[in-house]
Structure formats: structure tokens, C-alpha cells
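User: I am new to this structure and would like to learn how to read it, one feature at a time. Could you take me through it slowly?

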Amino acid sequence: MLILALAVYVVYLDHTIRIQFEGKRWALPARVYAAPLELYPGKKLTAANLSTELAALNYRYGALDEPGSYTREVTSIDLRSRPFSFWDGAQPSQHLHVAFAHEHIDQLEDLDTGQAVALARLDPLPIGGIYPAHNEDRVLVKLDQVPRVLIQALIATEDRKFYEHHGIDPRAIARALWANIRAAGAVQGASTLTQQLVKNFYLTSERTLRRKATEAIMALLLDAHYSKDEILEAYVNEIYLGQDGNRAIHGFGLAAQFYFERPLEQLTLTQSALLVGLVKGPSYYDPRRHPKRALTRRNLVLTGLAEQKIISNDELLRAKTAPLDVTPRAPVGTSAYPAF
């Protein structure tokens with residue numbers, strides 16, 4: 001009778017996994033954007049106006065080393081626009097020089113070719129995004145949009161046997177059990193990335209043996225139904241990484257914007273390591289509230305990358321001296337762009 005009940009329970013869990021995973025994985029968010037700002041010679045616009053627009057789009061003032069950055073003189077602005085897929089086709093990043101005269105754009109030039117540009121569009125300001133089934137704001141990403149070093153750091157830090165086990169790691173469980181017995185308490189966990197995903201997708205955070213057993217069964221079932229890359233893609237979009245007032249920050253795509261005000265694809269090594277470090281405890285390692293803890297945790301992730309030979313010792317030393325580089329949350333009413 002017990003075996004029959006267990007079998008029925010497993011069938012129920014299997015059905016739950018497939019229905020919810022497919023529905024949640026492919027429910028793409030509806031993104032709403034403002035009209036894009038068009039730049040062309042003769043347009044009524046000042047350098048100050050354009051600076052305000054660029055600040056609202058989270059363009060970074062300084063070196064033009066990447067898309068989403070700009071510099072400003074009194075009567076001109078140089079910028080690198082972000083690539084964006086508009087309704088009439090994809091527009092690549094452009095390196096533009098915008099000169100102003102008499103409160104109008106006087107000249108628009110491509111700095112890479114030296115050619116005049118008739119029309120350029122900036123990536124539009126996102127107004128909002130709703131995850132249809134759950135009324136959640138999400139920035140869903142495909143796995144190939146995630147920086148390779150972030151994936152490497154995630155696996156090196158959270159689940160080094162991810163591509164080898166079948167949803168649970170018996171050896172890690174045995175090591176954690178032995179460590180906890182010796183310490184007479186819970187000092188070490190053994191959850192794989194698959195188990196973490198199961199907990200976030202389907203279960204509560206209660207710490208009971210029944211919940212852990214259910215988590216393990218569901219992790220095995222999830223691994224049996226889906227490829228490692230499908231599981232990893234769901235994980236990077238689901239994992240909880242912080243709190244913005246009443247809004248929960250789920251997924252690395254949204255976290256990249258929340259902490260660094262840049263697309264996930266543009267994260268540096270140290271920024272990627274910081275986000276991976278937050279997986280263990282977003283509140284405890286909050287880089288804005290607890291920068292010393294966050295720095296220690298980030299450097300621990302970087303050390304793991306060096307131990308796995310993913311980065312060199314020289315890269316490790318340079319990265320450890322880098323600042324957290326987290327964008328401060330500006331007080332309401334303050335200016336985000338330089339004054340002239």
C-alpha cells in the first residue's frame with residue numbers, strides 16, 4: 001500500500017512539473033515601450049535635452065567603450081547607441097556625433113565612417129513588462145544571451161557537477177550530512193541548481209524532511225524530462241536576487257538592470273561574479289546595504305573561478321581589487337546627468 005501511494009504521488013509530481021514548467025518557461029512577458037527618440041539634422045533639440053533623455057535611458061556618462069554610453073561638450077554629444085529590434089527591422093549600435101546650433105541638431109555624423117547620418121533612433125524607454133500568468137515584471141533571456149563567465153561562475157559556485165548528475169548529487173548530500181552531523185547543526189547544504197529551481201518554481205522555503213524529499217523527487221523528474229541547458233535557462237530567469245520595494249528581483253536579466261543599469265550581455269567579470277554571489281543570500285549580501293559582505297562574497301566567487309582554471313591568477317588579482325561598481329539608487333529629484 002505504501003509503495004502504491006508513493007507511486008501515485010510521483011505521478012502527480014511528474015504531471016505538476018511538466019505542466020507548470022512548460023507554461024512558465026514559455027510565457028514571454030509583454031514589454032511596453034515609449035516612442036523612440038529620433039535624431040536628424042534640423043530636429044528641435046538641445047544638448048541638455050538629449051542629456052536628459054540619455055540619462056533616462058541609463059546611458060553611462062564617460063568613456064565611449066560600449067553601447068549605452070556618451071560624452072558631452074557644450075554644443076555637442078558623442079554617444080554609442082544600443083542595438084534594438086524596431087518594428088521595421090533591427091538597428092545595430094551606432095557611434096554618433098551630434099552637434100547643436102540654435103536649439104536644433106545641426107549635424108549628425110557616424111564617427112566610425114565619417115559619413116553624415118540622415119536619421120538615427122535611440123532604443124526606446126521601457127515603460128513596463130508583465131509576466132502574463134503571474135503579474136510579475138521580468139526580463140527573460142535566452143541562455144546564449146547570458147555571459148559565458150556568469151554561467152561558469154554559477155556552476156563553479158553552486159553546482160560543480162551540474163552536467164554530470166541527474167538532478168541531485170548523492171556525494172554532495174553525503175558530504176553535507178557528515179558536516180552537519182559533526183557540527184551538530186545545519187552548516188552545509190547540498191542543493192543542486194536543479195533542486196534550487198524546483199524550490200523556486202514549485203515549493204515553499206520550509207525546512208522539513210518531507211519538503212526536501214519532495215524537492216529531490218521533483219529534481220530527478222525535471223532532469224529526466226528536460227535538457228541541462230533548458231533547466232539552466234529556466235534557472236537564470238527564475239532565481240531570486242533581491243528586492244526593490246514591493247518588487248521582487250527575479251532572474252539575472254532584471255538583476256543586471258537593477259544593480260548595474262545595463263543589459264545582461266554587457267556585464268563584466270566582476271559584475272557577473274557579484275550577481276552569482278547574491279544567489280546564496282540576496283538580502284544578507286545586498287551590495288548597497290552591506291558592501292563589505294558583498295565584496296567578500298564576490299571575491300569568493302572569483303577565487304572559485306581561478307580554482308577551476310576559468311580565469312588566470314593575474315585576472316583574479318586584478319578582479320579582486322575592482323570596486324563593486326553597483327549603481328547607487330539616486331534620491332528622488334536629483335539629476336542623473338552632468339551639469340554644464
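This is a predicted model: local features need pLDDT of at least 70, side-chain atom pairs count only at pLDDT 80 or more; totals for chains, interfaces and linings use all residues.

User: How should I read a pair of packed helices, and at what angle do α9 and α10 pack?

Analyst: Two packed helices are described by the angle between their axes together with the distance between those axes. Here, helix α9 (residues 269-278) and helix α10 (residues 291-307) pack at an angle of about 110°, and their axes are 8 Å apart. Because an angle from 65 to 115 degrees counts as roughly perpendicular, α9 is roughly perpendicular to α10. On the α9 side the contact is made by Leu269, Thr270, Ala273, Leu274, Val276 and Gly277, while α10 contributes Ala294, Arg297, Arg298, Val301, Leu302 and Leu305. Sorted by class, this contact has eight nonpolar, two polar and two charged residues.

User: In which order do the five strands of the open sheet lie?

Analyst: The general idea to carry along is that in a regular strand the side chains alternate between the two faces of the sheet. In this case the five strands follow the order β3-β4-β5-β8-β9, and their pairing is mixed. The edge strands are β3 (60-61) and β9, each of which pairs on one side only. Strand β5 (residues 76-80) runs antiparallel to β8 and is joined to β8 by five bridges, with Ser76 having Ala99 as its bridge partner in β8. Strand β8 (residues 95-101) is also antiparallel to β9 (residues 104-110), and six bridges join these two strands; Val98, for instance, has Leu108 as its bridge partner in β9. Helix α2 (residues 47-56) lies across β4 (69-72), β5 and β8, and runs at about 25° to β5.

User: I would also like to understand backbone angles. Which residue takes a positive phi in the hairpin of β8 and β9?

Analyst: Most residues other than glycine have a negative phi, and most peptide bonds are trans. In the hairpin of β8 and β9, which has two residues between the strands, His102 takes a positive phi near 55°. Glu261, which is not a glycine, has a positive phi of about 55°; Glu261 sits in the loop between α8 and α9 and is partly exposed, with a relative accessible area of 26%. Lys309 is another residue other than glycine with a positive value, its phi being near 65°, and Lys309 belongs to the loop between α10 and α11 (313-320). Lys309 is exposed, since its relative accessible area is 74%.

User: Is Phe252 buried or exposed, and which residues does Phe252 touch?

Analyst: A residue counts as buried under 20% relative accessible area, so Phe252, at 0%, is buried. Phe252 is found in helix α8 (residues 252-260). Leaving aside residues up to four places away in sequence, Phe252 touches Leu150, Leu154, Val236, Ile239, Leu241, Leu264, Leu275, Val276 and Val279. One of these, Leu264, is 12 residues from Phe252 in sequence, and the two are 7.0 Å apart in space, C-alpha to C-alpha.

User: How many of the residues of helix α5 are buried?

Analyst: An α-helix has 3.6 residues a turn, so residues three or four places apart point the same way. Helix α5 (residues 193-202) is mostly covered, with eight of its 10 residues buried, including Leu193, Leu197, Phe201 and Tyr202. Thr192, in the loop between α4 (170-183) and α5, counts as buried at 2% relative accessibility. With residues up to four places away in sequence not counted, Thr192 touches Asp159, His165, Gly167, Ile168 and Asp169.

How values were computed
Residues are numbered from 1 along each chain as its sequence is written. Side-chain values use heavy atoms; hydrogens and water are left out. Axes are lines fitted to C-alpha atoms, for helices over the stretch in contact, and angles run from 0 to 180 degrees between N-to-C directions. Helices (H or I, at least four residues) and strands (E, at least two) are DSSP runs, numbered from the N terminus. Angles under 35 degrees count as roughly parallel, over 145 as roughly antiparallel, 65 to 115 as roughly perpendicular and the rest as oblique. Contact means heavy atoms within 4.5 Å. Ala, Val, Leu, Ile, Met, Phe, Trp, Tyr, Cys and Pro count as nonpolar, Asp, Glu, Lys and Arg as charged, and the others, Gly among them, as polar. Buried means under 20% relative accessible area, exposed over 50%, partly exposed in between (1.4 Å probe, protein chains only). Two strands pair if DSSP finds at least two bridges between them.
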